[in-house]
Amino acid sequence: MIEMLQSPFMQRALIAALLVGITAPAVGIYLVQRRQALMGDGIGHVAMTGVGLGFLMSANPIWMATLVSVLGAVLMELIRTYGRTRGDIALAMLFYGGMAGGVLLIELSDSGSTANLTSYLFGSLSTVSDGDVTAIVLLAAFVVAVSLGLRRQLFAVSQDEEFARVTGLPVRALNLLIAVTAAVTVSVAMRVVGLLLVSALMVVPVAAAQQLARSFKATYALAVGIGVVVALTGTTTSYFQDVPPGATIVMLAIGVFVLLTALAAPLARRRARALEADAGGGADCTAPMPGSRRPNDDVKV
């Protein structure tokens, strides 16, 4: 363990994994609420073109992927809003065009090949550079600032757009902000988890947290905690066992989901029996005790 922590490339990898574990569920909770769990997967396809452009122009692939994925996410949101009839076809062309563009551009570059692209598709610990860590830290700071600073507004829009519009929130701007933040998160995560698996780290920790948590705040905190644990554990495991980090992290997240789902079932039955017992005893379950707070005062997910 000490040897791992003294290794410069593992220090960079663990920093990147920590930030990915925080940012992916922090954005994923809004995508899950909007029933757009696969949006991260689509953005990952588009970001491949940015990676190819980075190699072609001898620029940092993370920054180029961020630029292209942000443009792609905005286009996806506009298609979702206005492309009612042909929207699915347009999105399919955008996703597959992004994949094809990435492969083509990286082959046209002098410094890249499809072997280089593999590390961005599935993640690679040994290729995380100091420049990558700097980019990841800056992008992660933006994601955390948005997901926490505007959590009430983003949750309102994700839960019910019509109600949010009636209350005066700028729904269109907030929708675009969610899309942009998701695109930035994909760029943050691609060096650790990979473009093809980043969507899982956005969604699975949130789904796992929902098995136990009863409010948005609790779900957010638990999902981020799960994301950090599986990201760091998967990165450490990949170092000692020489297994792909992205696949290891995702499988650990799925394992946590299965475990929490198994734990949630008896808890739910116990809670239901308690409510039945209260109802049978004539207690008013809807009225809070004097000076107490209703259990659902927090916004539920």
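Reply: Let me start with a term: on a 1 Å grid over the protein atoms alone, a cavity is a set of points where a 1.4 Å probe fits but cannot get out, and lining residues have an atom within 4 Å of a point. The model is predicted, so local features need pLDDT of at least 70 and side-chain atom pairs 80 or more, while totals for chains, interfaces and linings use all residues. Residues are numbered from 1 along each chain as its sequence is written, and side-chain values use heavy atoms, with hydrogens and water left out.

Me: How many cavities of 30 Å³ or more are there by this rule?

Reply: The count is 1. The largest cavity holds about 40 Å³ of space, a volume being the space filled by probe spheres set on the grid points, which are joined across faces, edges and corners.

Me: Which residues line the largest cavity?

Reply: Glu77, Leu78, Thr81, Arg172, Asn175 and Leu176 do. At least two lining residues come from each of α4 (61–82) and α10 (171–189); helices are DSSP runs of H or I with at least four residues, numbered from the N terminus.

Me: Why is Thr23 called buried?

Reply: Its relative accessible area is 1%, and buried means under 20% (1.4 Å probe, protein chains only), so Thr23 qualifies. Thr23 sits in helix α2 (residues 8–33).

Me: What does Thr23 touch, not counting residues up to four places away in sequence?

Reply: Thr23 touches Ala140, Val143, Val144, Thr185 and Val188, where contact means heavy atoms within 4.5 Å.

How values were computed
Buried means under 20% relative accessible area, exposed over 50%, partly exposed in between (1.4 Å probe, protein chains only). On a 1 Å grid over the protein atoms alone, a cavity is a set of points where a 1.4 Å probe fits but cannot get out, and a pocket is an open set with protein on both sides within 12 Å along at least five of seven lines; lining residues have an atom within 4 Å of a point.
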